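Reader: I'm new to this one. Can you put it up and walk me through a few spots?

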Amino acid sequence: MIPDISLRNVRWSPLRLGAAGASVMVAVTCLLAFGHWAGETVSAADALSTVSSSLAAACCLYAATRTSGRSRWCWSMFGSTMVMWTVGDLLWFVDGFFGSFGPVIAVANILYLLGLVPVVAGLLLFPVGTWERGAGLRLVLDTLVLGSALLLTSHLLVLREVVDRVGESWDAFLYAVYPVTDILLAGLAVLLVLRSVGKPRRDLVLLGLAFTTWTAADNGYALFSARGEDYTQTAVVVAYVAAPMFLGLAALSASAASTHVSTLQRNATGTLAALLPDATALCAGALCVALGLDGHRDWALALLALVLTAVRQVVLTSDNHGLRQSLETKVTDRTEELRRLAERHERILESMGEGIFGIDGRGHISFVNPAAARLLDWEPAELLGRSACATLCVQDHDECPLDMVTKLGDIVTQSETVYARRGGDSLPVEITAAPMQGRDARQGAVVVFRDITERLVVDLMKQEFVSAVSHELRTPLTAIRGSLELLADGAAGELPEAAHEIVAMAERGSQRLTRLVNDIIDIERLEAGSFSVRPKPQPIEPLVQSTVRSLLALAEQGHVRLLVGEAHGHALCDADRVVQALVNLVGNALKFTAPGGAVRINAAPENHEIVFSVRDEGRGIPPEELDSIFERFHQVSSADAREKGGTGLGLTITKSIVERHGGRIWVDSEIGIGSTFWFTLPLAPDTIPAPARAQREPSALSRPGPVVTVRC
């Protein structure tokens, strides 16, 4: 498909229209100036200049209506200047078309001179944004040096010949005043562009081009007029048409832009831009040497440029000296601040009781605090530069936590290991290590370690206590529970009615205490690693059946239906421990399900594992409690322990059992609807999962055998 590139599809904004019109104007001027019919129409140059000036005036006045604040005032000044210059061009055209016509040229010259006032004021007050401190003085000095150097250059190349030919007359003044003004305005516009932060502003760039073009045009006009030659067939006439066009495009660009928020810097951006005034002055000096100085005007202009350059250098030197002193003061203050900060950090490291040392990218110790050296029986300076793994680690290098941190970039937290002390003794420690990140890559690690010898002794004492509890506490608890059951059964004679309630309360308390002791023993065994888990391939269905049969009495007591859906597949697990986990989950579900509700159990293979689910119809678990539901002694409500008789350890034990099998456990819950506990076990190897069966509501009629339903 060929795209439609006709002019109808082009968005002709004022700026684009202005650029197109300017291009046409300049092209026509070039044809009239350099074409084969050049010179046939004497007033063509003046006519084109008049049209160009009038268009520029219209654009400036349009920009004044589209902008606000100081920008509107400046464009109004530019517009008034172009109106006066348009009238002056029109008078020149009338004089050239009709011949000498009284004082027309004198009036035109007066209008040209009067037009310089608003254009100079407009550019001096042109809004450029925020000024840095000292930027105004720097800009004035640079403008004076650049302008004097350019003025000297213009005088040596053009104006000196003009004055010599014309003499000191009114015409000589007119020939000189325009180039001088243009030079100052062009230099100011260029310096504003060079000192603005960010992307160069298009309106400032076009203003600089406009006044630079006028400078070339006025110098050429003065030279050709002094020589008595016709300038209409030269590039001068093209410059007189192009310069107003640049000003008009600057006005259209300013009207199209939203805001001009910028910053005017003290220094120009870039080395070449910063050296522009000095480079221009140097070129002007070279021209003085090459062409020579003749007369008081030459020497006066050269002396003026030299003095302004010297003054600028003195001011810049003084300013830079103050700036350097300020920077030196800041560097000194910053150095002192860093020194105090380093001392503070050193004192913190020295005062810490925990050992801290750093490792560089090669695995060598780069710093160590006194506590670490004391714990390892070394002097701090003796450890620096040594290989951390070779000096401290006792276990194999492949299992070293330090190697994991430095090579792999892993974060190690609360990892227990053994360090070697200087004399060869072993020091059990718990370490926390994290990699240090540099600008480009890892540059080592920081390791914090603490001596856990006393903690290991306490853990051993705790294990011995748990062992004593398992043997010494459970025996009397069993005797107490049996005695209470005998009393309740009337073995010691019939008890009064009030005594029955007391004995029943004591029996429930002894049962709860027995469960609590058993759960605590199981937790400690799990943490100590003595909780035996012997996984082997086991069918799932008998495990679920065993769980259901052991909880039938509890389900009947609570008038809750116990439903089994799917239960098939083989898991690699310890049957007794899995039944213990299921009993904990199903027992909780039965306790928290209201009478008339149901608890559903499902277990089926899924993605190389067996997924179990236990769903109740209880009150649900609040979202903020889901993350802590598996913690020790955690109860959703403080009244649950009294009303439901739970110990708060069942879910903790279940989680430990599942994780010891390599599985996962989690819970989904909705307030007022119920909760579903999920856990997974690894699928037994060399077994093929049974085909997935259609999900349906389980019932005693739809599934024989393992489905058990207790109805109230």
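This is a predicted model: local features need pLDDT of at least 70, side-chain atom pairs count only at pLDDT 80 or more; totals for chains, interfaces and linings use all residues.

Reader: How close do the axes of helix H10 and helix H11 come, and at what angle do they cross?
Author: The axes of H10 (residues 276-291) and H11 (residues 296-351) come within 11 Å and cross at roughly 150°. Axes are lines fitted to C-alpha atoms, for helices over the stretch in contact, with angles from 0 to 180 degrees between N-to-C directions. That crossing makes H10 roughly antiparallel to H11. Roughly antiparallel means over 145 degrees; under 35 is roughly parallel, 65 to 115 roughly perpendicular, the rest oblique.

Reader: Which residues make the contact?
Author: On H10, they are Pro277, Asp278, Ala281 and Cys288. On H11, they are Ala302, Thr309, Arg312 and Gln313. Contact means heavy atoms within 4.5 Å. By class, four are nonpolar, two polar and two charged. Ala, Val, Leu, Ile, Met, Phe, Trp, Tyr, Cys and Pro count as nonpolar, Asp, Glu, Lys and Arg as charged, and the others, Gly among them, as polar.

Reader: What about H20 and H22, how do the axes cross?
Author: The axes of H20 (residues 575-592) and H22 (residues 650-660) come within 9 Å and cross at roughly 145°. H20 passes H22 in a left-handed crossing. From H20, the contact uses Arg577, Gln580, Ala581, Asn584, Leu585 and Asn588. From H22, it uses Gly650, Leu651, Ile653, Thr654 and Ile657. The classes here are five nonpolar, five polar and one charged.

Reader: Zoom out. How many helices and strands are in the chain?
Author: The protein chain has 22 helices and 14 strands. Both are DSSP runs numbered from the N terminus: helices are H or I with at least four residues, strands E with at least two.

Reader: And how much of the chain is buried?
Author: Buried residues make up 43% of the 712 residues. Buried means under 20% relative accessible area, exposed over 50%, partly exposed in between (1.4 Å probe, protein chains only).

Reader: Where is serine 53 found?
Author: Serine 53 is in helix H2 (residues 44-66). Serine 53 counts as buried because its relative accessibility is 3%. Leaving aside neighbours within four places in sequence, serine 53 contacts Met82, Thr86, Asp89 and Pro244.

Reader: What does alanine 186 touch?
Author: Phe211, Thr212 and Thr215, not counting residues up to four places away in sequence. Alanine 186 lies in helix H6 (residues 170-195). With a relative accessible area of 7%, alanine 186 is buried.

Reader: Phe211. Which cluster do ring pairs link it into?
Author: Ring pairs link Phe211 with Trp85 and Trp214. Rings of Phe, Tyr and Trp (its six-membered ring) pair if their centres lie within 6.5 Å; planes under 30 degrees apart are stacked, over 60 edge-to-face, the rest tilted.

Reader: How many aromatic pairs does the whole structure have?
Author: Nine. One of them is tryptophan 666 with tryptophan 678, stacked at 6.2 Å centre to centre, with 5° between the planes. Tryptophan 666 is in strand E13 (residues 665-670) and tryptophan 678 in strand E14, 12 residues apart. Tryptophan 666 is partly exposed at 29% relative accessible area, and tryptophan 678 is partly exposed at 26%.

Reader: What does threonine 676 touch?
Author: Ser613, Val614, Arg615, Trp666, Val667 and Asp668, not counting residues up to four places away in sequence. Threonine 676 sits in strand E14 (residues 674-682). Threonine 676 is buried, at 11% relative accessible area.

Reader: Last one. Where is histidine 608?
Author: Histidine 608 is in the loop between strand E11 (598-605) and strand E12 (609-615). Its phi is near 65°, a positive value in a residue other than glycine. Histidine 608 is exposed, with a relative accessible area of 73%.

Terms used:
Residues are numbered from 1 along each chain as its sequence is written. Side-chain values use heavy atoms; hydrogens and water are left out. A crossing is left-handed if the near helix is turned anticlockwise from the far one by less than a right angle, and right-handed if clockwise.
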